[in-house]
Amino acid sequence: MLGRAANGVYWMARYLERAENTARLIDVGFHLALTRGSRASQEEEWRSVLITTGQEAAFLARHQDLSGSQVFNFLLRERDNPGSVLQMIEAARTNARVVRTSLTNEVWEATNETWMILRDLLARPVRETNLGEVLSTIRRQSTLVRGAMEGSMLRTDVFNFARIGTFLERADNTARILDVKYYVLLPSVAWVGSSLDNVQWDTLLRSVAGNRAYSWLNAGAMDPRGIARFLILDGQFPRSLLFCYEKIRSNMAGLAKQYGGETDAHQQVRDAGSMLHRLTIEQIFEGGLHEFLQDFIGRTNRIGGAIAADYRFIA
Amino acid sequence: MSSAGGSRYDEMLQEDGSVRSAYADLREWYDSQDTAWLRRQDAEAERFFRRIGITFNVYGEEAAEERLIPFDMIPRIVTAREWRKLTRGIEQRVRAINAFLQDLYHRQEIVKSGRLPAHFLRENEAFLSQMIGFTPPGGVYTHIVGIDLVRTGPDEFMVLEDNARTPSGVSYMLENRETMMAMFPELFTKIPVRPVSDYPRRLVRSLQACAPPGFKGRGGARPSVAVLTPGIFNSAYFEHAFLADQMGAELVEGSDLRVMDGRVQMRTTEGYKPVDVIYRRVDDNYLDPLSFHPDSVLGVAGIMDVYRAGGVTIANAPGTGIADDKAIYSFMPDIVEFYTGEKPILNNVPTWRCSEADALKYVLDNLAELVVKEVHGSGGYGMLIGPTSSKKEIADFAAKLRAKPENYIAQPTLSLSTVPIFTKEGLAPRHVDLRPFVLVSPDGIDITPGGLTRVALKKGSLVVNSSQGGGTKDTWVLDE
C-alpha cells in the first residue's frame with residue numbers, strides 16, 4: 001500500500017478517537033458543573049478539561065470567560081480551533097477521502113455520514129439542553145465507524161495501520177487524562193475519606209468510561225491505587241495503557257507478518273509493552289506517577305514517529 | 001428557449017403526443033406509479049448520493065465546496081438500431097483521431113496535403129513538441145475518449161466535441177445505473193437494458209494491453225496500473241478514487257511517485273515499486289515539471305524521459321489535446337475522410353472559425369442567433385448563447401471577439417432533442433446531450449453501451465454542464 005495511504009488511515013483513526021475522547025471529557029466537565037455549586041470550582045473543572053485536551057492557551061487567547069457553554073462550544077465547534085470535534089471529524093473525513101480506495105464502502109460511508117450529521121448538529125451554538133444529544137451522537141458515530149472497520153475490512157496492512165492509530169491515540173489520551181488529575185490519586189491527609197475524593201475519583205473513571213467497569217470489578221470499593229492500577233495496568237479494560245499497547249503490539253505483528261520483517265518501531269513497542277508488564281502499581285507510585293506518565297506520553301509519541309518513518313508515511 | 005431553426009425533437013413523444021415505442025413500457029410503468037412514492041424515491045436518491053459522497057467541487061466557491069450533480073430518475077432510452085449507427089460512427093471517428101495524432105507527431109501528411117493549415121499546429125499550445133517522433137506503447141494515443149453527441153432529429157446525431165484528453169463523467173454513468181437498479185428493480189425485468197457495470201474491468205484490461213516495453217511480465221505478472229490524481233481538491237476526485245477502487249489500481253498523487261532506475265516508482269509502505277501504466281487525470285502541463293510547468297507539484301519530475309525511453313505508459317498520451325481542440329474540431333470531417341477514406345458517419349456541427357475574416361464578419365453580423373465558444377475553453381464557461389443573451393451581453397461579447405478573433409469559434413444554436421424529467425408537476429421535457437465512453441487498445445475499440453446523459457434542468461435551457469446547473473440521467477441502450 002502507498003505510504004501516503006497508510007498515513008491517511010492512521011490519522012483518520014487517530015482523529016476519530018481523539019474526537020470521541022474530547023466528547024467524553026466535555027461530558028465529565030458538564031456532569032461536574034451540575035454537581036458543583038460554586039462558580040469558581042466549576043471554572044476549575046472546565047480549565048482542567050482544556051488542559052487535558054492541550055487547548056488551554058488557545059482558548060484563553062480567544063475567550064476570557066471560562067463558562068461551561070463558552071468552553072464546550074470552543075471544544076465542539078469553533079471553526080478556528082483545529083482541535084474542535086467538528087474540525088477533527090472533518091480532518092478524519094478528509095483523510096478518509098484521501099485514502100478512499102483503501103477503505104471499504106461501509107467504513108467510508110460511516111465516516112462521511114458522521115461528518116454530515118455532526119456538521120448539521122454543530123451548525124449552531126450548542127446549548128445545555130442539547131449538549132447531551134450532541135455528545136452521545138459523537139460517541140455513537142465513532143463507535144459506528146469502528147464497528148464498520150471491524151466488520152468489513154480485510155485484516156491487512158490497511159486495517160493494522162488504522163488500529164495502530166486508534167490505540168496509540170487512546171493510550172496517549174488515557175495517559176493525559178491521568179496526568180492532569182494524577183494529584184487526586186496521591187495520598188493527602190486532609191482529604192482522605194472525604195466525599196470530595198470520591199467525586200474526583202469517580203470523575204477520573206468517567207473520563208475514560210471506566211466508572212461502571214471499575215465498580216463492577218471492585219464491588220464498589222474505591223481506592224486511589226486500585227484506580228491507577230485499573231487505568232494503567234488492567235489488561236481487561238479497553239482504555240487502559242496496557243490494553244492499548246497489547247493491541248498495538250498485535251497490529252504491529254500483523255504488519256511484520258505481511259511484510260516479512262520487523263522495523264525499529266517493533267522493538268520500541270515491545271520495550272514499552274514489557275515495561276508495562278513488569279511494573280507494579282507500587283513501583284509506579286514509588287518512582288512518581290507524574291514522572292511515569294510523562295515518560296509514557298513521550299514514548300508513545302516517539303513510537304508514532306518511528307512508525308511514520310519506517311513505513312514511509314511521508315516522502 | 002427555443003430553438004432557432006426548426007422544431008425540436010422529443011425522444012419520448014411523437015408530434016401528435018403519442019409515446020414512441022422505445023418508451024412505451026417505461027411510460028406505462030410510470031403512469032401506474034403513485035406520484036407521492038416517486039417523490040420519496042427522488043429524495044431518497046439524493047440522500048444516497050450524498051452518503052456515498054458522489055460530489056464534485058466547484059472552483060471558486062468556497063462555502064459550497066462539495067456539490068452534488070442533480071440526478072433525474074427518468075432514464076433516457078436509446079434503441080438498438082440507433083446505437084448500432086452511433087457505434088459505427090464513433091468507432092470511425094476515434095480511429096481517425098488516433099491516426100491523426102500519429103500523423104501530426106510524425107510525417108504530418110495532412111499538413112503537406114494542404115488540408116490542415118500549418119499554423120493551426122504551430123500556434124496551438126496543445127501540440128507538444130516533446131511528442132514529435134515518438135510512438136506511444138501499442139500505438140495508442142487516446143486510451144479513453146468521451147465523444148459528446150447531440151441529437152436534432154429522428155436520425156440526426158451530431159458530434160459536438162471530442163474529449164480526447166481526460167474525459168470525465170464515467171463514474172456517474174456507473175453510479176446512475178446502480179441507483180436505478182436499487183430504486184426500480186422491476187423496470188429492469190420489464191425492459192431489456194444492456195449492462196454498463198463491467199466498464200472498470202474493461203478499462204483496466206484495455207490499459208494493461210498497452211504496457212510499456214520496460215514492463216517484464218515475469219511469472220505471468222500483470223502490468224501494474226495506477227490512477228494519477230491531482231488530489232482531493234480536484235473537481236473530479238470522487239471519480240478518480242472510484243475508478244481506482246473499481247479497477248483494483250492504486251490511486252496516486254505526484255508526491256507518491258519518483259523516477260528511479262529508469263522507471264516511475266511509487267512510495268509504498270514496503271519501499272518503492274514500479275508502475276507500468278499511469279492513467280493520469282492531470283493535465284499535460286502539470287505532468288512533468290522538468291518538461292512543462294516548472295512549478296507543478298502535481299506531476300513527476302522526469303516522467304517524460306522515462307516515457308520516451310519506454311519505461312512507462314501514460315494514458316492518455318501527452319499531446320492528445322490537439323485533437324479535441326475546438327479550432328481543429330472544425331476540420332474533423334476532412335480528418336475522418338483523410339485517414340479512413342470514408343465519409344463521416346456522424347456529422348459535425350457547422351462551425352465558423354472566427355480567425356478567418358469572412359467567418360468573423362458573418363459571426364459578428366449574426367451573434368444573436370449563434371453560440372460562440374472559446375477555442376480552449378471548457379465546462380460551459382466563457383461562451384455566448386446568442387438567443388438567450390441581452391443586447392448588452394452581445395455587445396460586450398462582440399468587443400472581446402473583435403479583440404481576439406482567433407480565440408473563438410461559432411456554431412448555430414442547435415435545437416437539441418428533449419427527454420422527459422421528473423418534476424413536481426409530473427414529466428416535463430428538457431434538453432440533453434450524450435457522452436458515450438470509448439476505450440482504445442491494440443486489441444480494438446470498445447464502446448460501453450450507454451454513457452452519460454447530461455440534462456439542462458432549467459426549462460428551455462440549452463446548457464447541460466454540471467457547473468452551470470445541469471443534471472444527469474441513466475442512459476439505457478436497449479438490447480436487440
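I began with chain A, which is divided into domain 1 (1–153) and domain 2 (154–315), the bounds coming from an automatic or database domain assignment. This is a predicted model, in which local features need pLDDT of at least 70 and side-chain atom pairs count only at pLDDT 80 or more, while totals for chains, interfaces and linings use all residues. Residues are numbered from 1 along each chain as its sequence is written, and chains are lettered from A and ligands numbered from 1 in the order in which they are written.

I then looked up how the two domains of chain A meet, and found 24 residues of domain 1 in contact with 25 residues of domain 2 (contact: C-beta atoms, placed from the backbone, within 7 Å). On the domain 1 side, the elements that give two or more residues are α1 (3–35) and α2 (39–52) of chain A (helices are DSSP runs of H or I, at least four residues, and strands runs of E, at least two, numbered from the N terminus). The largest share of that side, 17 residues, comes from α1(A).

Next I turned to chain B and strand β6 (residues 225–228), where B:V225 and B:V227 point one way, B:A226 and B:L228 the other, and all are buried (20 or more other C-beta atoms within 10 Å of the residue's own, C-beta atoms being placed from the backbone). I noted that β6(B) runs parallel to strand β11 (residues 277–280) of chain B, with 4 bridges joining them (strands pair if DSSP finds at least two bridges between them), and that B:V225 stands opposite B:V277.

How values were computed:
Buried ≥ 20, exposed ≤ 12 C-beta atoms within 10 Å, placed from the backbone.
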